[in-house]
Amino acid sequence: MGLLSEGSPLSWEETKALAEHVRQHGIEQFINLYSKLRERTGDVLKWGDEVEYIIVKFDDENERATVSLRADDLLPKLQEKEHADPQNVKSLWRPEYGAYMIEGTPGKPYGGLLAHFNIVEANMQYRRAEASTLLNNGEVIMSITNFPRLGCPNFTNPPFTPNPKTGVTLSHFFPDEAIFPGHPRFKTLTANIRERRGEKVAINIPIFKDLNTKIPVDNSHDLEPGIALPDCVYMDAMGFGMGCCCLQLTFQACCITEARTLYDQLAPLCPIMLALSAASPIYRGYLTDVDCRWNVISASVDCRTREERGIEPLKTNKFRIQKSRYDSIDSYLSPDHEKYNDIPIVHDAAIYRRLREGGIDHPLALHVAHLFIRDTVSLFSEKVNQDDKNDTDHFENIQSTNWQTMRFKPPPPNSSIGWRVEFRPCEAQLTDFENAAYVCFVVLLTRVILSYRLNFVMPISKVDENMQRAQRRGACLSERFWWRRDVGAPAAPGLTPQAPDASDQYAEMSIDEIVNGKEGIFPGLIPLIESYLSGMDVDADTHCSVQQYLKLIQRRAHGDIATMAAWMRHFVTSHPQYNKDSVVSEKINYDLLKTAHGIQTGKIPAPSLLGTSNVSKTNEDIPKAFSKMMSKDCP
């Protein structure tokens, strides 16, 4: 979720009055940090994952499933080991937006050994088991992207009634009590985004039109005329987006140049991984025509005013802004890739000039000046006045509330942590095996990109187009995506290298063709990974696990097994109580989540979702031979 400052939150009027103060000091902080650390090199590859979980409560007697608002009870207990011995814990736990959500990460980042790929899943299993020991009777931890009946009457345990007249959300569907109460940031952000926007957020997701689907979908268009669209599932609170779970990855690069390279090269992969990880087709108890959460979250934190959205002419605001602050990136960072920045990059010209004066090169200055067109939407009284030479909270305040597909992260001040990038598009998968597979696939791609010096970069406008295609129903199998044909792969059989600016340099390909390859067109991401691995020494267990992970990705891309979104759709539409009306009732929701939990625990086989070989040789520790090798004193 980003920076969690402690302290007393300011009201929106107080925050708004300090917006320029935060902006100006944030820029000075970045300039100072950059000048200190721009030459920093020699950091080793480190990486880690973040998995978000929902606490689900099953009422077996009444056949109901709800979200359990107990994150604030669980987190202090989950954090006890970290507080007692922060250097020697296997997991770290953090709050998330929902009072029913928790986020878990490994206790320490993973490193450069291939053997580290074999401890990812074991650590995920450990986290899930650790949290599960604290649950009450009937509660389970599930890594599902979205609770299907979020926003339906009494979807929380204990139940609360939304209040559209008072409070922070003013939602017809999402009660304030469903927001995590243990940190003031979450409710402050909710209120301030709504107040800055000048009205409630409005999320309209097209309904999946089945034989008996009613249009209008419900009475939302009467509650919010002109805002709620009749053929859409309407949602009106930040919780509908930020109450979703995702799977994220952070990489530490050896230096700023490598971090910028990874940022650029992974950006075109974001829509591909979004489609491949699709896991959220149901919102507010309705089957929708989308498979992913992205546009839901984007609209849920869209603080742009009517002027900034282009509905009214600019009078009090400075910029017409094309996207929400939660969206895909707008520019590449490496000077080599400037020519691919083919969409207008709205930026603050004065801030850009100051960054250039401060020694920041053009693409990076443009990136930061673009982030800083946003106002701060959460400020704490204790953090107003800072030492710009040593603090970075004002910079992080705006940086961490630009939630984009990729995030470029400078080292924290006075820290051993290096330049990092965050990969943010993936939806949370049901099982630890799947989450580990997606993580290892993306990390292996970073190794291949850097080792083979591959180039996936294409015009940003095509990446944006792909982001919208990726969310459509069945996109993993039915959509085609812009992709670069010649990525500079070594000796790809049957491929003729193209001129750098060939008109057919980019082709529309299926996910299957991008992942598994298409003869004469593109070698495929997994064949490139296999080529890379063929030259590496790896222990037998790690080899076995990695092969199982790659097989899952291959088969899902090919359509042999379903995405979670497709699996959920099939479950709902095949349910004996489904009336072909797009409605996911209490009973269908209960059966869906009960079955999903059975699959998660391994009690229910799911060959259509996972295939038949979904057991790895994951281990909590790297092999002794490797640890001995690592601990040897170098001569």
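**Notes on pockets, salt bridges and aromatic pairs**

1. Let me begin with the second pocket. The second largest pocket has a volume of about 520 Å³. Here a pocket is an open set of points on a 1 Å grid over the protein atoms alone, where a 1.4 Å probe fits, with protein on both sides within 12 Å along at least five of seven lines. A volume is the space filled by probe spheres set on the points, which are joined across faces, edges and corners. Please keep in mind that this is a predicted model, in which local features need pLDDT of at least 70 and side-chain atom pairs count only at pLDDT 80 or more, while totals for chains, interfaces and linings use all residues. Residues are numbered from 1 along each chain as its sequence is written, and side-chain values use heavy atoms, with hydrogens and water left out.

2. Which residues line this second pocket? There are 22 of them, and K108, P109, Y110, H116 and I119 lie nearest the centre of the second largest pocket. Lining residues are those with an atom within 4 Å of a point. Helices (H or I, at least four residues) and strands (E, at least two) are DSSP runs, numbered from the N terminus. By class, the lining of the second largest pocket holds ten nonpolar, eight polar and four charged residues. Nonpolar covers Ala, Val, Leu, Ile, Met, Phe, Trp, Tyr, Cys and Pro, charged covers Asp, Glu, Lys and Arg, and the others, Gly among them, are polar.

3. Now the largest pocket. About 1500 Å³ of space lies in it, and 48 residues line it, with E50, T250, K409, R420 and E422 nearest its centre. Strand β1 (46-59) is one of the elements that supply at least two residues of this lining, and the others include α8 (239-242), β9 (247-252), α14 (393-399) and β14 (406-409). The top contributor is β1, which gives the most to the lining of the largest pocket, with six residues. Its lining residues divide into 22 nonpolar, twelve polar and 14 charged.

4. On to charged pairs. The count comes to 47 salt bridges, each being a side-chain nitrogen of Lys or Arg within 4 Å of a carboxyl oxygen of Asp or Glu. In one of them, R197 pairs with D302, and the closest N and O atoms are 3.9 Å apart. R197 sits in helix α6 (residues 184-197) and D302 in the loop between α11 (294-300) and β12 (326-327), so the pair ties together parts that are 105 residues apart in sequence. Both R197 and D302 are buried, a label for under 20% relative accessible area, with exposed being over 50% and partly exposed in between (1.4 Å probe, protein chains only). R197 and D302 also belong to a network of salt bridges that links them with E199, R304, R306, R309 and E312.

5. Two further salt bridges are worth a look. D393 pairs with K383, the closest N and O atoms being 3.1 Å apart. D393 is in helix α14 and K383 in the loop between α13 (362-371) and α14, so this pair ties together parts that are ten residues apart in sequence. K383 counts as partly exposed, at 28% relative accessibility. E465 and R469 form a salt bridge with the closest N and O atoms 2.5 Å apart; they are four residues apart in helix α16 (residues 460-470), separated by about one helical turn. E465 is partly exposed at 36% relative accessibility, whereas R469 is buried at 11%.

6. A brief stop at S334, in the loop between β12 and α12 (349-357). Is S334 buried or exposed? With a relative accessible area of 8%, S334 is buried. Not counting residues up to four places away in sequence, S334 touches R260, T261, D264 and P363, where contact means heavy atoms within 4.5 Å.

7. Finally, the aromatic rings. A search of the whole structure finds 22 aromatic pairs. Rings of Phe, Tyr and Trp (its six-membered ring) pair if their centres lie within 6.5 Å; planes under 30 degrees apart count as stacked, over 60 as edge-to-face and the rest as tilted. Y263 and F408 have ring centres 6.4 Å apart and planes at 85°, so the pair is edge-to-face. Both Y263 and F408 are buried. For F372 and F395, the centres are 6.0 Å apart and the planes at 15°, so that pair is stacked. One aromatic cluster is formed by F155, F173, F174, Y234 and F240.
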